[in-house]
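Hi,

Here is the structure I promised to pass on.

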Amino acid sequence: MPIHSVVAVILFSVCIIRAEASYLNNKRYVYGRRGPSVSHNYRDALTKSILFFEGQRSGKLPPDQRMRWRGDSGLSDGSTERVDSTGGYYDEGDNVKFGLPMAFTTTMLSWSVLEFGGRMGNDLQHARNAIRWAADYLLKATAHPGTIYVQVGDPNMDHKCWERPEDMDTPRSVYKIDAQNPGSDVASETAAALAAASMGFPINRPLLFAASPANCNA
């Protein structure tokens with residue numbers, strides 16, 4: 001499983017569930033089993049897990065980007081297919097954008113906010129920003145009826161070259177699914193991600209996500 005999916009599942013779900021009391025009281029969760037007690041600062045782990053996503057951002061970075069050492073990248077993604085595939089998140093330690101793990105991560109992040117947003121304190125808005133960043137990309141990926149763009153980058157070439165996304169010179173190939181090239185797994189997870197993301201924001205705010213064209217044939 002890609003590393004950002006692991007971060008989303010473990011640090012958002014498990015850590016918050018096991019340490020909700022310590023998070024609320026700004027204390028450390030301490031437990032012991034057959035040995036000295038071990039102190040785990042789950043509040044700090046949660047903060048860093050959300051910050052991690054800012055380091056994985058692709059596209060034109062916003063003014064409130066906290067990882068200042070990161071720069072804009074992948075600004076021409078999608079141009080080979082004459083579509084806008086900028087934004088989203090890079091996968092693991094490479095510069096490829098895979099639709100399935102990104103959609104799964106978005107779903108998990110969204111449900112974490114729905115279930116535990118009230119306990120996230122100042123990190124709640126950062127978590128919502130992380131969801132919004134992914135959802136905006138997935139909306140672009142589903143903007144063309146009957147087609148979903150599910151990957152940007154050639155993994156075979158990319159994995160042979162260790163470089164910053166700001167400096168990447170590997171092919172930015174674009175892959176899609178449609179009626180002739182189906183992919184129900186990534187199509188259904190993308191739909192789930194957008195549905196969950198739309199629920200992760202206050203109901204009194206304007207709608208954040210416009211209806212995306214149906215892609216049932218994908």
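Below is what I found, starting with the whole chain and then moving to the details.

A word on the ground rules. This is a predicted model, so local features need pLDDT of at least 70 and side-chain atom pairs count only at pLDDT 80 or more, while totals for chains, interfaces and linings use all residues. Residues are numbered from 1 along each chain as its sequence is written, and side-chain values use heavy atoms, with hydrogens and water left out.

The chain has seven helices and five strands (DSSP runs numbered from the N terminus: H or I of at least four residues for helices, E of at least two for strands). Starting at the N terminus, the order is α-α-β-β-α-β-α-α-β-α-β-α. Of its 218 residues, 47% count as buried (under 20% relative accessible area; exposed is over 50%, partly exposed in between, with a 1.4 Å probe and protein chains only). If you take contacts (heavy atoms within 4.5 Å) between residues at least 6 apart in sequence, 68% join residues at least 24 apart.

Next, a helix pair. Helix α4 (residues 99-116) packs against helix α5 (residues 123-141) at an angle of about 145°, and their axes are 10 Å apart. Axes here are lines fitted to C-alpha atoms over the stretch in contact, and angles run from 0 to 180 degrees between N-to-C directions. On the α4 side, the residues that meet α5 are M102, A103, T106, L109, S110 and V113. Their partners in α5 are L124, A127, R128, A130, I131, A134, Y137 and L138.

Now the rings. Rings of Phe, Tyr and Trp (its six-membered ring) pair if their centres lie within 6.5 Å; planes under 30 degrees apart are stacked, over 60 edge-to-face, and the rest tilted. By this rule there are two aromatic pairs. F52 and F53 have ring centres 5.9 Å apart and planes at 85°, so they are edge-to-face. F53 also pairs edge-to-face with Y89, at 5.6 Å centre to centre and 70° between the planes. F53 is in helix α3 (residues 42-55) and Y89 in the loop between α3 and β3 (97-98), so this pair ties together parts 36 residues apart in sequence. Both F53 and Y89 are buried, whereas F52 is partly exposed, at 24% relative accessible area.

One last thing: the charged end of R57 sits over the ring of W133, 4.7 Å from its centre (the rule is NZ of Lys or CZ of Arg within 6 Å of the ring centre and within 35 degrees of the ring normal).

Cheers
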